[in-house]
Amino acid sequence: MSSLKNSGLRIHELQVEYKNGQLALGGINLTLPEHGIHTVIGPSGSGKSTMLRAIAGLLPAYEGELLFNGRPVHEKDTLIGLVPQNYGLLPWKTVRDNIRIAMRIARSGRGQPSRQEQDAQIMHWLTSMGIAELAGRFPLSLSGGQQQRVAIARAFAIQPTILLLDEPFSALDAITREGLQQIFIDNWQTHPATTLFVTHDVEEAILLGQKIIVMPSGPQDHPEILDNSAVFAMKHGDKRESNEYFAQSKTIRKVMMEKW
Ligand SMILES: Nc1ncnc2c1ncn2[C@@H]1O[C@H](COP(=O)(O)OP(=O)(O)OP(=O)(O)O)[C@@H](O)[C@H]1O
Ligand SMILES: [Mg+2]
């Protein structure tokens with residue numbers, strides 16, 4: 001049993017069929033070690049968001065097993081943070097209150113910090129995202145990239161055990177994106193959540209993942225899992241210019257040509 005205890009997130013034969021009969025995932029098997037980061041790339045419609053939604057507990061039904069350290073992921077108090085592809089912010093609440101509500105729900109039953117302490121934490125995360133001045137604004141008055149950063153701040157603020165990010169940097173310009181990739185890695189080093197990071201950007205998948213999961217174009221096919229530990233071990237700022245990065249980039253493109 002002890003091996004199960006630290007076995008991380010295990011996705012076993014995960015199959016999802018939406019109510020309209022659309023088969024979105026056809027029996028996926030993946031294991032993500034506790035405190036690991038895997039990036040996920042795949043063609044549009046290959047079931048990436050569906051997989052995250054299933055793990056986050058947002059689907060009414062799925063087949064297969066989702067375990068964290070040997071126990072069903074939705075059974076006990078495994079805290080899961082999701083940055084959804086559409087940001088998932090409450091439009092009638094300010095930025096600050098969007099984060100406050102998530103923190104409250106995450107800590108329910110465990111005692112709440114004082115309001116001042118909560119405010120300080122909220123401002124800490126907003127500042128790290130470069131959007132402290134937006135705390136009192138409402139989501140619909142923000143740009144896509146700003147909303148996206150609020151959603152990331154909210155996910156970080158609850159310090160989840162499992163962190164699921166669905167193309168979290170897709171609406172950002174290249175420079176802001178690079179800054180946030182660094183912040184994301186720094187944050188993961190301090191609070192190493194078990195992380196699945198979906199991106200459509202091959203470069204980002206190589207820069208952030210210990211392994212890269214390449215989803216197939218059809219649900220009958222299996223994902224390809226590439227080891228990326230050589231790049232991952234490097235200092236973040238050195239990765240982009242390294243031979244390992246270029247080699248990995250070539251490998252992924254080859255897999256994409258074959259599978260998509
Ligand atoms: N709520 C839904 N009802 C019915 N079918 C759905 C629903 N959500 C997704 N699908 C279908 O399931 C399949 C997988 O969709 P999903 O959103 O998981 O793909 P994705 O890999 O995240 O794509 P993208 O890269 O475009 O975000 C698609 O064929 C999609 O049309
Ligand atoms: Mg998606």
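This is a predicted model: local features need pLDDT of at least 70, side-chain atom pairs count only at pLDDT 80 or more; totals for chains, interfaces and linings use all residues.
Four strands build an open sheet. Their order is β2-β1-β4-β5, and the pairing is antiparallel. The edge positions belong to β2 (23-32) and β5 (71-72). Each has a single partner strand, so one side of each lacks a neighbour in the sheet. Within the sheet, strand β1 (residues 9-17) and strand β4 (residues 63-68) run antiparallel and are joined by five bridges. His12 stands opposite Glu65 in β4. Helix α2 (residues 48-56) lies across β1, β2 and β4. Its direction is at about 115° to β1.

Helix α3 comprises twelve residues, 95-106. At 1.5 Å a residue, α3 should span 16 Å; the end C-alpha atoms are 17 Å apart, which agrees. Buried positions in α3 are Val95, Asn98, Ile99, Arg100, Ala102, Met103 and Ala106. These buried residues pack against α4 (115-128) and α5 (144-157).

The largest nonpolar core holds 50 residues. Ile41, Leu126, Phe169, Phe184, Ile212 and Ile252 touch the most other members. Helix α5 gives the most to this core, with seven residues.

Contacts of Ile212 were examined individually. Leaving aside residues up to four places away in sequence, Ile212 touches Thr39, Ile41, Ala205, Ile206, Glu224, Ile225, Leu226, Asn228, Gln248 and Ile252.

Conventions
Residues are numbered from 1 along each chain as its sequence is written. Chains are lettered from A and ligands numbered from 1 in the order in which they are written. Side-chain values use heavy atoms; hydrogens and water are left out. Helices (H or I, at least four residues) and strands (E, at least two) are DSSP runs, numbered from the N terminus. The expected span of a helix is 1.5 Å times one less than its number of residues. Buried means under 20% relative accessible area, exposed over 50%, partly exposed in between (1.4 Å probe, protein chains only). Contact means heavy atoms within 4.5 Å. Two strands pair if DSSP finds at least two bridges between them. Axes are lines fitted to C-alpha atoms, for helices over the stretch in contact, and angles run from 0 to 180 degrees between N-to-C directions. A nonpolar core is a set of buried Ala, Val, Leu, Ile, Met, Phe, Trp, Tyr and Cys residues joined through side-chain atoms within 4.5 Å.
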